[in-house]
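This briefing covers selected helices and strands of one structure. Please view the sequence and the structure together.

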Amino acid sequence: ADVVVIGGGIIGVSIGYHLLERDPTLRVTLLEKEPELGTGATAKATGGVRHQFSTETNVRLTLLSYRYFADAEAILGRSVDFVPHGYLFVTAAPDTFEQARKNVELQQRLGVRSRLVAHDEMRAFLPQLQVDDLAGGSFCPDDGSADPNGLLQGFLVCARHRGLQVRTAEPVIAIQREQGSVTGVSTPTDRYAAPVVVNAAGPYADQVGVLAGVNVPSRPYRRQVIVTEPPPDLPERFPLIVDLDSGWYVHRLGRSALLMGGTDKDLHPGLDATVDWEAFEPVFQAAGKRAPLLAEAKVLRAYAGVRDLTPDYHGILCQAPAAPGFYVACGFSGHGFMHAPAIGLLMAELILDGRAESMEIGPLSLDRFKSGAFVTEANMF
């Protein structure tokens with residue numbers, strides 16, 4: 001192959017799509033360790049798409065990705081069920097509200113239609129919201145949600161049509177190098193020669209980095225979601241609401257369900273995706289404080305996934321300086337789905353042009369962790 005992509009989630013498939021969009025003559029092979037694509041972190045993504053970040057890099061990644069959600073049918077030939085219901089961030093802490101003010105200033109400078117919201121305006125978004133203790137918040141009407149599998153299939157069908165070779169149940173167990181440069185990868189059943197290997201292995205990206213002799217400071221952390229019935233008096237549509245003080249969020253999925261979570265803090269890395277039911281008690285405590293009727297919602301099910309976090313909650317998107325030909329696209333800290341279109345586009349530019357043209361990706365380099373020259377994303381939940 002010309003390029004081997006390790007990882008068949010939304011980021012790996014986006015990279016394959018964008019490489020072949022640029023050059024359909026490329027030989028691109030995608031290797032996935034599971035029997036099917038998109039069954040790892042992508043399958044557990046809740047589908048959020050937002051502009052409301054605290055750093056220019058994350059805002060620009062959303063701006064670059066947004067058209068793939070808003071105009072999916074024109075670009076990919078299929079809908080991804082994007083609904084621009086907005087995100088509403090709220091806080092009772094004056095210092096957090098001041099950070100929100102700075103965030104909105106940045107977002108507006110970049111062309112985002114976000115705005116500050118006073119606490120007495122918030123009941124218009126959700127009448128049952130408890131707002132008396134709030135200092136304020138922020139809202140962006142263009143934020144929304146989409147179907148992760150729909151986007152993956154959109155990229156996949158187009159990429160396969162252009163020649164993408166997909167190999168499932170093919171875990172990479174070794175990466176070959178000669179004189180420092182990558183020359184290919186091995187699986188238990190085969191060997192693939194390629195001068196370019198892309199690590200898009202999500203929560204397993206640090207392990208893949210070890211195979212190439214590259215330290216990838218991205219670690220897997222479990223994240224849980226509880227699915228409930230919507231109480232009868234709840235509006236059928238309202239923004240995805242995030243309480244920045246507790247991390248709690250609520251996300252309505254049409255008529256049938258609510259998603260709640262966000263209070264489980266990232267304490268220990270690991271790949272265990274077993275549901276810890278005791279960890280949902282803080283979810284209902286936070287719901288009881290911010291929207292009491294939700295604390296009594298009937299539980300339908302729960303699930304856990306694993307997201308790959310970096311120390312500054314920004315992804316890694318670069319060629320590894322210590323291993324020419326080895327590219328890294330991971331660590332997007334729970335934002336991989338919403339930023340996958342931009343990641344694929346930028347990685348294709350990096351591989352084919354030698355540099356990213358669509359935006360500055362210096363803040364996403366591996367080198368930033370050695371120098372300590374990085375800024376942490378504040379809007380994490």
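Is strand β15 (residues 249–253) largely enclosed by the rest of the structure or left open, and why? Strand β15 is largely enclosed, because 4 of its 5 residues are buried, that is, under 20% relative accessible area with a 1.4 Å probe and protein chains only. The model is predicted: local features need pLDDT of at least 70, side-chain atom pairs count only at pLDDT 80 or more, and totals for chains, interfaces and linings use all residues. Residues are numbered from 1 along each chain as its sequence is written, and side-chain values use heavy atoms, without hydrogens and water.

**Strand β15 and its partners**
- Strands are DSSP runs (E, at least two residues) and helices are runs of H or I (at least four), numbered from the N terminus; two strands pair if DSSP finds at least two bridges between them.
- Strand β14 (residues 240–243) pairs with β15 in the antiparallel sense over 2 bridges, and Val242 stands opposite Tyr249.
- The β14–β15 hairpin has 5 residues between its strands, and Gly247 in the turn has a positive phi of about 90°.
- Strand β16 (residues 257–261) runs antiparallel to β15 and is joined to it by 5 bridges; Arg252 stands opposite Leu258.
- In the β15–β16 hairpin, with 3 residues between the strands, Gly254 takes a positive phi near 60°.

**Sheet β9-β10-β11**
- These 3 strands form an open antiparallel sheet in that order.
- β9 (174–178) and β11 (191–193) each have a single partner strand, so one side of each lacks a neighbour in the sheet.

**Helix α6**
- In α6 (residues 94–109), the buried residues include Phe97, Ala100 and Leu106.
- Just after α6, Gly111 has a positive phi of about 95°.

How values were computed
Expected span 1.5 Å × (residues − 1). Buried < 20%, exposed > 50% of the residue type's maximum accessible area, 1.4 Å probe, protein only.
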